[in-house]
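This report concerns side-chain contacts in a single structure.

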Amino acid sequence: MPPPTAEDLEGMRAAVALAMVAADRGEVPVGAVVIQGGRQLGLAHNETIARRDPTAHAELLAVQRSLAFAGLDRLPDATLYVTLEPCAMCAGAIVLAKVGRVVFGAWDDKAGMAGSLGDLLRHPRLNHRVETQGGVLAAECGALLKTFFERRR
């Protein structure tokens, strides 16, 4: 896997900043940013508690906001930056929105569907496969999650 580009690091830092906002609000610290052509289309952090909606994951919200902002139904030229490996729900939404690329931070051995538990993003039987790069700023992203859950115990 090639090293992350300067743009990848910038996108991930923006996602980390959003994850910190989530943590400050008592949400699991996951942040996501969608960038296309150097422009942010949508950004979000987890809002499952605030919305009382278990589907209000950062990736899903960022993709929805990006589609609405751009007036599109697909994002093939966009990159989604997210601090945690997407779950099955988010991976499914990413594939349906035909996001071109996903860059994520921490791996999720319990629910990750970009290589950990399974790989929906690149499943050969699906009609769209997402270019994926994991582990970018992994230590920083993982530390946010670890600290958050330690404080809750």
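The text below describes salt bridges and aromatic pairs in this predicted model.

**Salt bridges**

The structure contains six salt bridges. One of them joins the side chains of Asp8 and Arg101, with an N to O distance of 2.8 Å. Asp8 belongs to helix H1 (residues 6-24) and Arg101 to strand E4 (residues 101-106), so this contact ties together parts that are 93 residues apart in sequence. Asp8 and Arg101 are both buried. The two residues also take part in a network of salt bridges that links Asp8, Arg101 and Glu131.

A further salt bridge brings together the side chains of Glu47 and Arg65, at 3.0 Å from N to O. Glu47 is placed in the loop between strand E2 (39-45) and helix H2 (48-51), while Arg65 is placed in helix H3 (residues 58-70); the pair therefore ties together parts 18 residues apart in sequence. The two partners fall into separate accessibility classes under the cut-offs of 20% and 50%. Glu47 has a relative accessible area of 14% and is buried because this value is under 20%. Arg65, at 31%, counts as partly exposed.

Asp73 and Arg74 also form a salt bridge, in which the closest N and O atoms are 3.8 Å apart. Asp73 has a relative accessible area of 55% and is exposed, whereas Arg74 is partly exposed at 42% relative accessibility.

| Asp8 | Arg101 | 2.8 Å |

**Aromatic pairs**

How many aromatic pairs does the structure hold? There are two aromatic pairs. In one, the ring centres of Phe104 and Trp107 lie 4.8 Å apart and the ring planes meet at 85°, so the arrangement is edge-to-face. Phe104 is buried, at 0% relative accessibility, whereas Trp107 is partly exposed, with a relative accessible area of 45%.

Phe148 and Phe149 make an aromatic pair that is likewise edge-to-face, with 5.1 Å centre to centre and 85° between the planes. Within this pair, Phe148 is buried at a relative accessible area of 9%, and Phe149 counts as partly exposed at 32%.

Definitions and conventions:
Residues numbered from 1 in each chain as written. Predicted model: local features only at pLDDT ≥ 70, side-chain atom pairs only at ≥ 80, totals over all residues. Heavy atoms only, no water. Salt bridge = Lys/Arg side-chain N within 4 Å of Asp/Glu carboxyl O. Helix = DSSP H or I, 4+ residues; strand = E, 2+ residues; numbered from the N terminus. Buried < 20%, exposed > 50% of the residue type's maximum accessible area, 1.4 Å probe, protein only. Phe/Tyr/Trp six-rings, centres within 6.5 Å; stacked < 30°, edge-to-face > 60°.
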